[in-house]
Amino acid sequence: MATPVVNITIPQGTDFSEVFTSTESDGSASNLAGFTGASKVKKHPGATSSQSFTVSITGSTGEVSIAMTAGKTVALDPGRYYYDVVLTSGSGSVSRMVEGMAIVTAGITT
C-alpha cells in the first residue's frame, strides 16, 4: 500500500502542530498502543541537516501528532522542504505513516 502524501505549511517563528489519524481498511482507528514515532523535515531527501519534530501518539485513537516550537521554526529558512512520519511497533516493525512537502512561510515578526 502506498504511503499517504499530506503537504503541510509551517509558519516560520510560530509554534506548529499537525495531527494525523491512522485507520484500518474498514475505517476504524488503528490501535497504536506500544508504538513510537520519529519525524524530521529536510530541504531535500538526501540532505544531511534536518530539524526534528516532537512526535506524540495516542494509541487508542490512532492519532499521531507532530510538533515544533517557535524556537525551532524560526531557524528554518522559508521555502520547500520534505518530511515524513515513521512509526515503530513494539515488536520492531517500522513503517512510514505519512510523507509530503512542508512549505515554510516567511515570518515578518520573528
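Reader: Which side chain is joined to that of serine 89 by a polar contact?

Author: Good place to start, and keep in mind that this is a predicted model. Serine 89 sits in the loop between E7 and E8. Its side chain takes part in a polar contact of 3.0 Å, and the partner is the side chain of serine 91.

Reader: Is serine 89 buried or exposed?

Author: Leaving out residues up to four places away in sequence, serine 89 touches Gly34 and Phe35. Its relative accessible area is 12%. Buried means under 20%, so serine 89 counts as buried.

Reader: Let's move to another serine. Where does serine 30 lie?

Author: Look for two strands, E2 (16-21) and E3 (36-42).

Reader: Which residue's side chain makes a polar contact with the side chain of serine 30?

Author: Setting aside neighbours within four places in sequence, serine 30 is in contact with several residues, including Thr23, Glu24, Gly59 and Thr61. Ser22 and Ser60 are also among them. The polar contact between side chains, at 2.8 Å, is with serine 22.

Reader: Why does serine 30 count as buried?

Author: The cut-off for buried is under 20% relative accessible area. Serine 30 counts as buried because its relative accessibility is 5%.

Reader: How many salt bridges does the structure hold?

Author: Let's find them one by one. Aspartate 84 forms a salt bridge with arginine 96, with the closest N and O atoms 3.2 Å apart. That pair links distant parts of the chain, since aspartate 84 is in strand E7 (residues 79-88) and arginine 96 is in strand E8 (residues 94-105), 12 residues apart. Arginine 96 also meets glutamate 99 in a salt bridge, again listed at 3.2 Å from N to O, and the count for the structure is 2.

Reader: Which residues are linked in a network of salt bridges?

Author: Arginine 96 has a salt bridge to aspartate 84 and another to glutamate 99. The network is therefore made up of Asp84, Arg96 and Glu99.

Reader: What is the relative accessible area of arginine 96?

Author: Partly exposed residues fall between the buried limit of 20% and the exposed limit of 50%. Aspartate 84 is partly exposed at 22%, and glutamate 99 is partly exposed at 24%. Arginine 96 is partly exposed too, with a value of 43%.

Reader: Now the inside of the protein. How many residues has the largest nonpolar core?

Author: Phenylalanine 20 is one of the residues with the most contacts inside this core, and others named there include Ile8, Val41, Phe53 and Tyr83. Strands E1 (8-11), E2, E6 (63-68), E7 and E8 each supply at least two residues of the core. Beyond four places in sequence, phenylalanine 20 touches residues such as Val6, Ile66, Val85 and Met97. The core has 19 residues.

Reader: What pattern does the protein chain follow along the sequence?

Author: The protein chain has 1 helix and 8 strands. Read along the sequence, they follow the pattern β-β-β-β-β-β-α-β-β.

Reader: What is the radius of gyration of the protein chain?

Author: The C-alpha trace spans about 45 × 25 × 20 Å along its principal axes. A compact globule with 110 residues would have a radius of gyration near 13 Å. The value for the protein chain agrees with that, at 14 Å.

Conventions
Residues numbered from 1 in each chain as written. Predicted model: local features only at pLDDT ≥ 70, side-chain atom pairs only at ≥ 80, totals over all residues. Heavy atoms only, no water. Helix = DSSP H or I, 4+ residues; strand = E, 2+ residues; numbered from the N terminus. Buried < 20%, exposed > 50% of the residue type's maximum accessible area, 1.4 Å probe, protein only. Polar contact = N/O pair within 3.5 Å; in protein donor to acceptor, adjacent residues only side chain to side chain. Contact = heavy atoms within 4.5 Å. Salt bridge = Lys/Arg side-chain N within 4 Å of Asp/Glu carboxyl O. Rg over C-alpha atoms; globule rule 2.2 N^0.38 Å. Core = buried A, V, L, I, M, F, W, Y, C linked by side-chain atoms within 4.5 Å.
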